[in-house]
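Hello! Here is the structure I promised to pass on to you. Have a look at it first, and then read my notes below.

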Amino acid sequence: MEWIDALSELKHSGQPGVLVTILGSAGSAPRKSGSKMLVTEENSFDTVGGGHLEFLLIERARELMSAAQTEPVMEHFPLGPRLGQCCGGSVSVLLEPIAGCNFHIAVFGAGHIGKALIHVLSPLNCRITWIDNRSELFPQTLPENVTRIISEQPHEEVAGLPEDAFVLVVTHNHQLDYAISEQTLKRPDNRWLGVIGSETKARRFRQRLEHKGFNEHQIEHMRCPVGLNVVGGRQPAEIAIAIAGEILAVKNGARDSLPRKREGIPWQSLKTLLETTPA
């Protein structure tokens, strides 16, 4: 695979890498200026001349990745016996780190809210997995950082999500929403679970989860109804902005400051108390 094709796949996967470019050479050198090679944590693509020089450049690139280096580095190498190269010249090399992305969002549902969410979330530096069982709902073209999954059993896709993922459930079916939520809460390694719905839906989901043996800590991990109340609005774009705001608040460390969705006593419980309280 050539470096430019590997670079496209690297950006799509969100993995880190280093792009190595020959800036210039003096004397005899194995490759011309502008030659490139892409180095990842496990592979390298294309070549800048082979031999010991290339081995050292791959090693140096992986050192930059291990150190989470973000700034480009320029280095100069004489091609003499010290490097095991008999060319006799020298080369200047630019190493450009490509940051990986560990901000992963899984969006279950490709309806109006799902589409609005992709529009709002895709400009962020994140990877998005978009899942639904209705292939006709997905647009023909997707942003570069969005991967589409068409699955007959969307809840089974939870097992394949990366660790620390943000899971957002906005499907067309309450039973499917519950199945996805249950599978997500069974995994202790997800970052956040948001479920669209009403207080009544949230209460029913919590009751079902309690019946299934989930503890209070697990159930409280689910945010339902999802979205920042202060945003308001009922249009898909407004709902998407409210949900995106909550995701970013959690990502940026403000989870504990999010207002609780339910305060006080639900009106059904209050009515029961009033009816049973002696006059």
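Strand S7 (residues 127-132) and S8 run parallel and are joined by five bridges. (Two strands pair if DSSP finds at least two bridges between them; strands are DSSP runs of E with at least two residues, helices are runs of H or I with at least four, and both are numbered from the N terminus.)

A quick note on the source: this is a predicted model, where local features need pLDDT of at least 70, side-chain atom pairs count only at pLDDT 80 or more, and totals for chains, interfaces and linings use all residues. Residues are numbered from 1 along each chain as its sequence is written, and side-chain values use heavy atoms, with hydrogens and water left out.

Back to the strands: six of them form an open sheet with parallel pairing, in the order S8-S7-S6-S9-S10-S11. At its edges are S8 (146-150) and S11 (222-223), each of which pairs on one side only.

Now find helix H2 (residues 51-66), which has 16 residues. Which of its residues are buried (under 20% relative accessible area, 1.4 Å probe, protein chains only)? They are Leu53, Glu54, Leu57, Ile58, Ala61, Leu64 and Met65. These residues lie on the same side of H2 because they cover an arc of only 135° around the axis (taken from the directions from the helix axis to the C-beta atoms). Just after H2, alanine 68 takes a positive phi of about 55°.

Enjoy exploring!

Note on methods: Expected span 1.5 Å × (residues − 1). Buried < 20%, exposed > 50% of the residue type's maximum accessible area, 1.4 Å probe, protein only.
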